[in-house]
Amino acid sequence: MDDLDDITGGDEERTHDLRWLLDQLAQSKNPLLREMATAVQDGHLTLRQAATSPTYGAELTASFQTFWDAYQKMTPEERDNLAFRCRQQD
């Protein structure tokens with residue numbers, strides 16, 4: 001997953017977080033997101049390729065939009081709590 005380091009600018013914490021997110025997607029109930037995450041993790045597809053593909057890109061965009069809508073409605077404290085819980089699951 002060399003492209004993850006490139007995407008995160010070499011920031012180890014952000015790369016770690018991105019890998020964690022791919023792990024979560026690999027366990028998703030959504031079969032397309034599971035397939036995409038596994039392909040990226042196995043090196044058969046880069047994250048950039050996945051994001052720009054018509055099939056995976058649309059799924060990623062829809063899922064992100066759902067998350068973003070909910071995130072924007074959160075208070076700063078709720079956002080901090082979410083970030084803390086995500087870090088604790090690692």
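A nonpolar surface patch of about 300 Å² is formed by Phe64, Phe67 and Trp68. Such a patch consists of residues with over 30% relative accessible area and no salt bridge, in which nonpolar side chains (Val, Leu, Ile, Met, Phe, Trp, Tyr) are joined within 5 Å and like charges within 9 Å. The accessible areas come from the Shrake-Rupley method with a 1.4 Å probe, and for residues only the protein chains shown count as cover. The model is predicted: local features need pLDDT of at least 70, side-chain atom pairs count only at pLDDT 80 or more, and totals for chains, interfaces and linings use all residues. Residues are numbered from 1 along each chain as its sequence is written, and side-chain values use heavy atoms, with hydrogens and water left out.

The overall fold may be set out next. The secondary structure of the protein chain comes to six helices and zero strands, and from the N terminus on, the elements run α-α-α-α-α-α. Helices (H or I, at least four residues) and strands (E, at least two) are DSSP runs, numbered from the N terminus. Along its principal axes, the C-alpha trace spans about 40 × 25 × 20 Å. Of the 90 residues in the protein chain, 21% are buried, where buried means under 20% relative accessible area, exposed over 50%, and partly exposed in between (1.4 Å probe, protein chains only).

Phe67 is placed in helix α5 (residues 54-73). Rings of Phe, Tyr and Trp (its six-membered ring) are paired if their centres lie within 6.5 Å; planes under 30 degrees apart count as stacked, over 60 as edge-to-face and the rest as tilted. By this rule there are four aromatic pairs. Phe64 and Phe67 make a tilted pair, at 6.1 Å centre to centre and 50 degrees between the planes. Both residues lie in helix α5, three residues apart, about one turn of the helix. Phe64 counts as partly exposed because its relative accessible area is 47%, and Phe67 likewise counts as partly exposed, with a value of 37%. The rings of Trp68 and Tyr71 have planes at 20 degrees and centres 5.4 Å apart, and the pair is therefore stacked. Trp68 and Tyr71 are three residues apart in helix α5, so about one helical turn separates them. Trp68 is partly exposed, with a relative accessible area of 33%, and Tyr71 is also partly exposed, at 22%.

Phe64, Phe67, Trp68 and Tyr71 form one aromatic cluster.

Attention now turns to the interior. In soluble globular proteins, nonpolar side chains tend to be buried together. The largest nonpolar core in this model has 10 residues: Leu4, Leu18, Leu22, Leu33, Met36, Ala37, Val40, Leu47, Ala50 and Tyr56. Helices α2 (12-25), α3 (31-41) and α4 each supply at least two residues of this core, and the largest share, four residues, comes from α3. A nonpolar core is a set of buried Ala, Val, Leu, Ile, Met, Phe, Trp, Tyr and Cys residues joined through side-chain atoms within 4.5 Å. Met36, one of the core residues, is placed in helix α3 and is buried, because its relative accessible area is 0%. The C-alpha atoms of Met36 and Glu59 are separated by 9.7 Å, and the two residues are 23 residues apart along the chain.

Gly57 lies in helix α5 and is buried, with a relative accessible area of 8%. Its C-alpha atom is 24 Å from that of Gly10, 47 residues apart along the chain.

A search of the whole structure finds one salt bridge, defined as a side-chain nitrogen of Lys or Arg within 4 Å of a carboxyl oxygen of Asp or Glu. The side chains of Asp6 and Arg48 form this contact (2.8 Å, N to O). The pair links distant parts of the chain, with Asp6 in helix α1 (residues 2-7) and Arg48 in helix α4 (residues 47-52), 42 residues apart. Arg48 is partly exposed because its relative accessible area is 42%. Arg48 and Leu21 are 27 residues apart in sequence and 15 Å apart in space, C-alpha to C-alpha.
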